[in-house]
Amino acid sequence: MGLSANAQSDEQVLDTLQVHGFLSQALVITDDNNFFGHSSRDEGSLEFTEVGLNVSLRPHQDVLVAAQVLSRRAGGDSSDAEAKLDYGLIDYQMISDQERTFGIQLGRFKNPFGFYNQTRDVAFTRPSILLPQSIYFDRTRSIGIAADGVSIYLDERIPTGTLRIRGGLGRPQTGSDLARQLFAGNGRPSVSSSDYSVIAQVLYEHENSNFVAAISAADVKLDTNFTEGAGTFYFQPWIASIQYNQELWNLTAEFALRKQSLQGDNIPRNFEITGQSWYLQYQRMINQNWSWLVRYDSLINNNNDRSGKSFEANGLGSAHSQFADDLTFGLQWTPHPQVMLAGEYHHVDGTGWLPSQDNPDSLATSRRWNMWLFQLSLRF
């Protein structure tokens, strides 16, 4: 009887096994500057590819084991496309009833930041091919995407809706892109994380989901090693998010303050700056298969040097590398739940979020530029 019960239990566990995957391939064309490869040459760049596979299993009704492997190339070297663990965790749900849900996650968890960070790798969950770059930086995505440690979550059902609280303590990822993007023009320091960083989010969702609002914050500390000496990089972003939903359209806005500082002895430079970011986005469904959006996205790296003139006068790079204003128009077509085609146009003033790996000399970049993107996405 015991063997039979165990066999049945194993079968029930296997019944919870889920395997999903996705593939996205984009074509990027720019008239000036490069984005995700040599996009300003010939017919553009095909160096924006995302391939992912995720698996989940419930060995117990209160325990979820989940992981995703991601291969992502966004310009740069072909080695960047090596498959890596995007997230991998054990989720133990301690409380689950009509009033609240409370759980803890151990492993590599996605950071709860803004509306889109936790699902940003899957094209079907993004409102556009590129998320607003002033907040969801693709050029330094490794620092914000995930962390290794422990996170907790609490969903509290209240009379008017649901209050969702997320918090995490972990070491952030420091991919090969990070030092190059954070400290362009200061040599090639190494960046590592010896201390734990903290991230938290409080989100309110109205009972009919017409209204969603959130506050997210993080405190990140990274070790940097330059040829001349060692330093410490601090990053403390705050982001306020709000969204209003109707049956055929939604309006989304997010605003962020980003405090950054670099301190150390015998390093190229010390700095302490506060920048700001915001965007306003309108998305509308034409029918169940078609949707379009328009968005204005604004980035300022240093509120005390909004034009970047002091940055350029000090020989640190071009003035227009310190800001970016992006007007975006996008269109999505989903002829099948597992197939999506998307296209979008960007008119950009400034190069504040332009990847330095594709544009090593900021003085050679153009302040005003245009970009077209086309993407095919599949999932199963």
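Guide: We'll go through the cavity and pocket, then one serine, then some strands. This is a predicted model, so local features need pLDDT of at least 70 and side-chain atom pairs count only at pLDDT 80 or more, while totals for chains, interfaces and linings use all residues. Residues are numbered from 1 along each chain as its sequence is written, and side-chain values use heavy atoms, with hydrogens and water left out.

Visitor: How many cavities of 30 Å³ or more are there?

Guide: Rolling a probe the size of a water molecule over the atoms shows where empty space is left. On a 1 Å grid over the protein atoms alone, a cavity is a set of points where a 1.4 Å probe fits but cannot get out; a pocket is an open set with protein on both sides within 12 Å along at least five of seven lines; lining residues have an atom within 4 Å of a point. Grid points are joined across faces, edges and corners, and a volume is the space filled by probe spheres set on the points. Here the count is one cavity of 30 Å³ or more, and the largest cavity holds about 80 Å³.

Visitor: Which residues line the largest cavity?

Guide: Among them are Phe-48, Glu-50, Arg-72, Asp-121 and Arg-141. By class, that lining has four nonpolar, no polar and seven charged residues. (Ala, Val, Leu, Ile, Met, Phe, Trp, Tyr, Cys and Pro count as nonpolar; Asp, Glu, Lys and Arg as charged; the others, Gly among them, as polar.)

Visitor: And what is the volume of the second largest pocket?

Guide: About 1,100 Å³. Its lining has 16 nonpolar, 16 polar and eight charged residues.

Visitor: Is Ser-377 buried or exposed?

Guide: Ser-377 counts as buried because its relative accessibility is 1%, and buried means under 20% relative accessible area (1.4 Å probe, protein chains only). Its side chain makes a polar contact with the side chain of Ser-24 at 3.0 Å. (That's a pair of N or O atoms within 3.5 Å; within protein, one must be able to donate a hydrogen and the other to accept it, and residues adjacent in sequence count only if both atoms are side-chain atoms.)

Visitor: Which strands does β15 pair with?

Guide: Strands (E, at least two residues) are DSSP runs, numbered from the N terminus, and two of them pair if DSSP finds at least two bridges between them. β15 (residues 323-336) runs antiparallel to β14 (residues 290-300) over eleven bridges, with Tyr-296 partnering Leu-327. Eleven bridges also join β15 to β16 (residues 339-350), again antiparallel, and Thr-328 stands opposite His-346.

Terms used: Buried < 20%, exposed > 50% of the residue type's maximum accessible area, 1.4 Å probe, protein only. Helix = DSSP H or I, 4+ residues; strand = E, 2+ residues; numbered from the N terminus.
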